[in-house]
Amino acid sequence: MEEILKIENIEKYYGSKSSLTKAIDSISFTVDEGEYVAIMGASGSGKTTLLNCISTIDKVTSGNISVAGTDITKLKGNALNTFRRNELGFVFQDFNLLDTMTAYENIALALSIQGVAVSEMEKRVKEMAESLGITEVLEKYPYQMSGGQKQRVAAARAIITKPKLVLADEPTGALDSKSSKMLLESFKFLNESIPATILMVTHDAFTASYAKRVIFIKDGKIYNELIRGAMSRKEFFDDIINVIALLGGDVNDAL
């Protein structure tokens, strides 16, 4: 199986020489093709900084990050922009849809930038919309959609270009419980059917329980790792809660 993400001894410092903060402390791990991995940790643990470095929003101080064999820590300028556009998909907590475009146009935009033919674009958007249950909102604008519909449109936009890696930053953070479950079922379907390789940052144990593996970050380091294996989602959820308790987190905040 192809190794999609390889993180080697990365460190990230913020601040000046007189006042340095080490946000990431020698983290290493890999993600294989078709995996669905969640990153968990308390506020300030370094999980968001880690995602920002992987997504090329931020740069590591030292170490290397490779996506599908390309060391992204060495890319610059147009090469970095092209790689980000073609190989990474993004799902954000606040949707980041363009208000002046319909759901169809939001999803199709990335394909248009890639120069995909209109007929192929229409076919792929239609198939993706059917898979995620958003066909009825394709002609609607974001203000006409529910939060759950907007996030599934955002997921469709992230997946439509067939990226090597999909990065999700607290994707259920702005959703109610029903919408969250619908989105997570959509992620599960995309992971199992395409299969999309997903790396998701979340503080929520219920959300993390949909993943196949959970990596826990504490004080910028990997603290623990759980692999779901043959466990039911409920059993996996219970194991996640147990690790959160050991981390010193508030279990009530994780439910």
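In β8, which residue is the bridge partner of Leu167? The bridge partner of Leu167 is Leu199.

This is a predicted model, in which local features need pLDDT of at least 70, side-chain atom pairs count only at pLDDT 80 or more, and totals for chains, interfaces and linings use all residues. Residues are numbered from 1 along each chain as its sequence is written, and side-chain values use heavy atoms, with hydrogens and water left out.

**View 1. Six strands make an open sheet.**
The strand order is β6-β7-β8-β3-β9-β10, and the pairing is mixed. Strands are DSSP runs of E with at least two residues; helices are runs of H or I with at least four; both are numbered from the N terminus. Two strands pair if DSSP finds at least two bridges between them. β6 (88–91) and β10 (221–227) each have a single partner strand, so one side of each lacks a neighbour in the sheet. From one strand to the next, the twist averages 20°. Angles run from 0 to 180 degrees between N-to-C directions; axes are lines fitted to C-alpha atoms, for helices over the stretch in contact.

**View 2. β7 pairs with β6 and with β8.**
β6 and β7 are parallel and share four bridges. Here Val91 stands opposite Ala168 in β7. β7 and β8 also run parallel, joined by four bridges. Four of the five residues of β7 are buried, so to speak mostly covered. Buried means under 20% relative accessible area; exposed is over 50%, and partly exposed lies in between (1.4 Å probe, protein chains only).

**View 3. β9 and β10 pair in the antiparallel sense.**
Six bridges link strand β9 (residues 213–218) to β10. Ile215 has Glu225 in β10 as its bridge partner.

**View 4. Four strands make an open, antiparallel sheet.**
Its order is β2-β1-β4-β5. The edge strands, β2 (19–32) and β5 (70–71), each pair on one side only. β1 and β2 form a hairpin with two residues between them. Ten bridges hold this antiparallel pair. Among the residues involved, Ile10 has Ile27 in β2 as its bridge partner. Strand β4 (residues 62–67) pairs with β5 in the antiparallel sense over two bridges. Val67 has Thr70 in β5 as its bridge partner.

**View 5. Helix α1 packs on the four-stranded sheet and lies across strands of the six-stranded one.**
On the four-stranded sheet, α1 touches β1 (3–16), β2 and β4. Contact means heavy atoms within 4.5 Å. The direction of α1 makes about 115° with that of β1. Helix α1 (residues 47–54) also lies across β3 (36–40), β6, β7 (165–169), β8 (198–201) and β9. Relative to β7, α1 runs at about 145°.

**View 6. Helices α5 and α6 pack together.**
Helix α5 (residues 147–159) and helix α6 (residues 177–193) meet at an angle of about 20°, their axes 9 Å apart. The two are therefore roughly parallel (angles under 35 degrees; over 145 is roughly antiparallel, 65 to 115 roughly perpendicular, the rest oblique). α5 passes α6 in a right-handed crossing: the near helix is turned clockwise from the far one by less than a right angle. From α5, Gly148, Gln151, Arg152, Ala155 and Ile159 take part. They meet Ser179, Met182, Leu183, Ser186, Phe187 and Leu190 of α6. The contact residues divide into six nonpolar, four polar and one charged.

Methods
Nonpolar A, V, L, I, M, F, W, Y, C, P; charged D, E, K, R; others polar.
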